[in-house]
Amino acid sequence: MNRFFLPPDCINDQQVQFPADVTHQIRNVLRMTRGDVVAVLDNSGRVYLVVLDSMASGSLTGQVESVRAAASEPKTRLTLCFGLTSRDKVEWILQKGTEVGVARFSPFISSRTLAQDTHLTDKKIARWERIIKEAAEQSQRGRLPELDAPQTLGEVFADVQSNDEAALIAWEDAAQGQSLRQTLSDLPADSLILIVGPEGGFSEEEIAQAKTAGCRIVSLGPRILRMETAAIVMPALVLFELEN
Ligand code: SAH
């Protein structure tokens, strides 16, 4: 069934008013007609089954047939912090990370990231938000993952230090990294921050800062993963362990 995230004010009691872009998609791209059913999400974890009304007039409405809770949201809220990199890799991380179950994406710049500027153009932000939305609709997420403004790795560590959320940082130096399973076994599982390094990895100094901030260093196994692989494997392994 086709799924659409709509702004909550499009849903009033039993009636849904579709915004222009979604109307266009339903009518002209999907060629759906009166009586067809779509799933509407209000980004609060609810799914509405909606029967389309007549499409004769300019705007499209539908009637809510039933409401239920989206069953697909992970119980653990994962924030994925990753090094800001080339556009195609970032887009891949946003799309696949949404499918896997990341709740919040938080890009950073560090001493070895390709990008060294935290500024993003409005056009890029809009594109990245659209990629997240489409992936969330396709993978049947109940909530849209959030996209933070890029920050420095120092700011990521400062946030970790100042709040109670547990943070795990992936470091390929196996001798120092504890296994993910073992680390997760003694952590509260309601929310976690996961930090994955850039192409060039983390410097020794950054790892020392991470330790000071209270991050736990974990290994993702004996093979070295590319940053975009690590950014997907880490949340997938964490949810696999926690959702059991
Ligand atoms: N240090 C290497 C590789 C960086 S890999 C280099 O200098 O080229 C990019 C990021 O992926 C790393 O910073 C780390 O966060 C993560 N990563 C990749 N393989 C990993 C592994 N086996 N265990 C833990 N983290 C890993």
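Reader: Which residues in α7 do K89, W92, I93, K96, G97 and V100 in α2 meet?

Author: The model is a predicted one. In it, α2 covers residues 87-100 and α7 covers residues 227-243. By class, their contact has nine nonpolar, one polar and three charged residues. The partners in α7 are M227, E228, A231, I232, P235, A236 and L239.

Reader: Are α2 and α7 roughly parallel or roughly antiparallel to each other?

Author: Two packed helices are described by the angle between their axes and the distance between the axes. The axes of α2 and α7 come within 9 Å and cross at roughly 10°. Angles under 35 degrees count as roughly parallel. The two helices α2 and α7 are therefore roughly parallel.

Reader: Is the crossing of α2 and α3 left-handed or right-handed?

Author: Helix α3 comprises residues 122-138, and its axis comes within 8 Å of that of α2, with a crossing of roughly 30°. That makes α2 roughly parallel to α3. As for the hand, the crossing of α2 and α3 is right-handed.

Reader: How many charged residues does the contact of α2 with α3 have?

Author: On the α2 side, the contact is made by R87, V90, E91, L94, Q95, T98 and E99. These meet K124, R127, W128, I131, I132, A135, A136 and Q138 in α3. By class, seven residues of this contact are nonpolar and three are polar, while the number of charged ones is five.

Reader: At what angle do α4 and α6 pack?

Author: Helix α4 spans residues 153-162 and helix α6 spans residues 204-213. In α4, L153, F157, V160 and Q161 meet E206, Q209, A210, T212 and A213 in α6. Five of the contact residues are nonpolar, three are polar and one is charged. The axes lie 8 Å apart, and the angle is about 20°.

Reader: Which residue has a side-chain N or O atom 2.4 Å from a nitrogen atom of the ligand?

Author: There are 19 residues around the ligand, and A170, E172, L220, G221 and R223 come nearest. G221 has a backbone N or O atom 2.8 Å from a nitrogen atom of the ligand. The side-chain atom at 2.4 Å from a ligand nitrogen belongs to E172.

Reader: How far does a backbone N or O atom of E199 lie from an oxygen atom of the ligand?

Author: A polar contact is a pair of N or O atoms within 3.5 Å. The backbone of E199 supplies an N or O atom, and an oxygen atom of the ligand lies from it at 3.3 Å.

Note on methods: Residues numbered from 1 in each chain as written. Predicted model: local features only at pLDDT ≥ 70, side-chain atom pairs only at ≥ 80, totals over all residues. Heavy atoms only, no water. Axes fitted to C-alpha atoms, helices over the stretch in contact; angles between N-to-C directions. Helix = DSSP H or I, 4+ residues; strand = E, 2+ residues; numbered from the N terminus. Contact = heavy atoms within 4.5 Å. Nonpolar A, V, L, I, M, F, W, Y, C, P; charged D, E, K, R; others polar. Near = heavy atom within 4 Å. Polar contact = N/O pair within 3.5 Å; in protein donor to acceptor, adjacent residues only side chain to side chain. Parallel < 35°, antiparallel > 145°, perpendicular 65-115°, else oblique. Left-handed = near helix turned anticlockwise from the far one by under 90°.
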